[in-house]
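Morning, everyone. Please have the sequence and the model open on your screens.

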Amino acid sequence: KNHLGGVAFGLALLGGGIVAINVNERRAAKQHLINEYCDAKVESLDDLEKVPRHYSALDGKLIHAEGPLHAVKPWPRDPAIGVEAPEQLRLHRKVEMYQWKETKHESKNKETGNTTVTYTHEKRWDTHRLSTHDDRNPPFPHYGAVQEAGGVAMTVRKLLELPFTRNFVERLTQFEDTNVTIVDKSAAEAVGLMAREGNRMFYTNGHDPSSPEIGDVRVTYKAVRPGGYSVLGKVVNKQGLGPFTTSLSRKLSEDAPLVIPKEAHKLSSDATGGMEPTLQIPKWVTDAAEKLVLSYAPLEFAFVEPGMHSRSATIAHHHRKCDSDTDTLFYGGMFACAVGGAIAASPATIVAGSMAPLSGLMGGIGVGYATRKGAQEQVQNLHYAAPKPGDGKKS
């Protein structure tokens, strides 16, 4: 039963990796088309004559802009601890508790067959409550969190205040160490503030911070600082700069719908190097998996990065990020294929020896690469459908 369970789990992991790689290539092809479409339509606000006095004049346009970002009051505040980060864009709180880390040891008596279980413990800082067999660690007081300023805006050519939508603000992830200001002493005292060390605060319930005891807490703050940034996105009236998004069922524009070939879900025997049996993934599987992926990573055109760069440089950086995201997801799928193949082949060790898991691992890697090649060949005809002459659409 254990062997059958292992084989089933390994095959499920292998199948999940195959589907993930296939969906990743489909998504990458569509993202490439979206980038190609948007790159041609992006207007750069690098000329004073192109910069309006209010962002509503840019409503619906895809733009590139560069300039300093600044926070709009109120500043980011952590109400649980009673601190604030003046002028910072976002504030990240990391909480660690000093607690017991348990290690379980098992030893089997060869004569009696009995197993003896013992536990050892060491003290350490950790960002979540560690479990022990005797539940000896105290409750965790607070967990990590991110607080934001009342708003974030970019000053473009000293003429335009371009606010960011919430979606764009959440893309600001360049957190650096920062000092915070105590603005609510009662909150700080309530959690037992004892000492400060740069961007770190210690809550030790009366203990010496240099000699922590079980249950002591330390909080570290980091912030996204104001400064020069470059952005790509779509201006939405009454909201500001946000992402240009699309989906499987929506058109990119009136004259350029995204066409997905019906055969895009299949992997032909030619594409997989003549492997038998032919790898074919049911369309409903890939559609469901892609819908799930797109719910977390939607097809969109949006980018924000530190540094003030030209339109062409910002677009190039955005393309590199898209390629990096695709590679990350591919290697995740390959890992699932490799591990799944090794686990599924493990029971064969009894017959084939210790090389069985290695053979399964290599087989999983081969299937993963074959899946990628097949998927790339099947989506290479993904394209925009140009309007037909006389279809009634205005030119």
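I'll go through strands first, then aromatic rings, then charges over rings.

A word on the source. This is a predicted model: local features need pLDDT of at least 70, side-chain atom pairs count only at pLDDT 80 or more, and totals for chains, interfaces and linings use all residues. Residues are numbered from 1 along each chain as its sequence is written, and side-chain values use heavy atoms, with hydrogens and water left out.

Strands, then. Helices (H or I, at least four residues) and strands (E, at least two) are DSSP runs, numbered from the N terminus. Two strands pair if DSSP finds at least two bridges between them.

Take strand 2, residues 62–72. Is strand 2 enclosed or open? Buried means under 20% relative accessible area, exposed over 50%, and partly exposed in between, with a 1.4 Å probe and protein chains only. Eight of the 11 residues of strand 2 are buried, so the rest of the structure largely encloses it.

Now its partners. Strand 1, residues 43–44, pairs with strand 2 in the parallel sense over two bridges. There, Glu43 has Ile63 as its bridge partner. Strand 15, residues 227–236, runs antiparallel to strand 2, with eight bridges. Gly67 partners Tyr229 in that strand. Strand 8, residues 151–156, is antiparallel to strand 2 too, over four bridges. Here His70 stands opposite Ala153.

Three strands form it, in the order 3-4-11, with antiparallel pairing. Strand 3 (77–78) and strand 11 (181–182) are at the edges with a single partner strand each, so one side of each has no neighbour in the sheet. Two bridges join strand 3 to strand 4, residues 83–84. Arg77 stands opposite Glu84.

On to the rings. Rings of Phe, Tyr and Trp (its six-membered ring) pair if their centres lie within 6.5 Å; planes under 30 degrees apart are stacked, over 60 edge-to-face, and the rest tilted. How many aromatic pairs does that rule give? Six. One is Tyr98 with Trp125, tilted, 5.1 Å centre to centre and 55° between the planes. Tyr98 is in strand 5 and Trp125 in strand 6, 27 residues apart. Both are buried.

Phe330, Tyr331 and Tyr369 form one aromatic cluster. Phe330 is buried at 1% relative accessible area. Tyr331 is exposed at 53%.

Last, charges. A charge sits over a ring if NZ of Lys or CZ of Arg is within 6 Å of the ring centre and within 35 degrees of the ring normal. Arg372 sits over Phe330, 3.8 Å from the ring centre. Arg136 sits over Trp100, at 5.6 Å.
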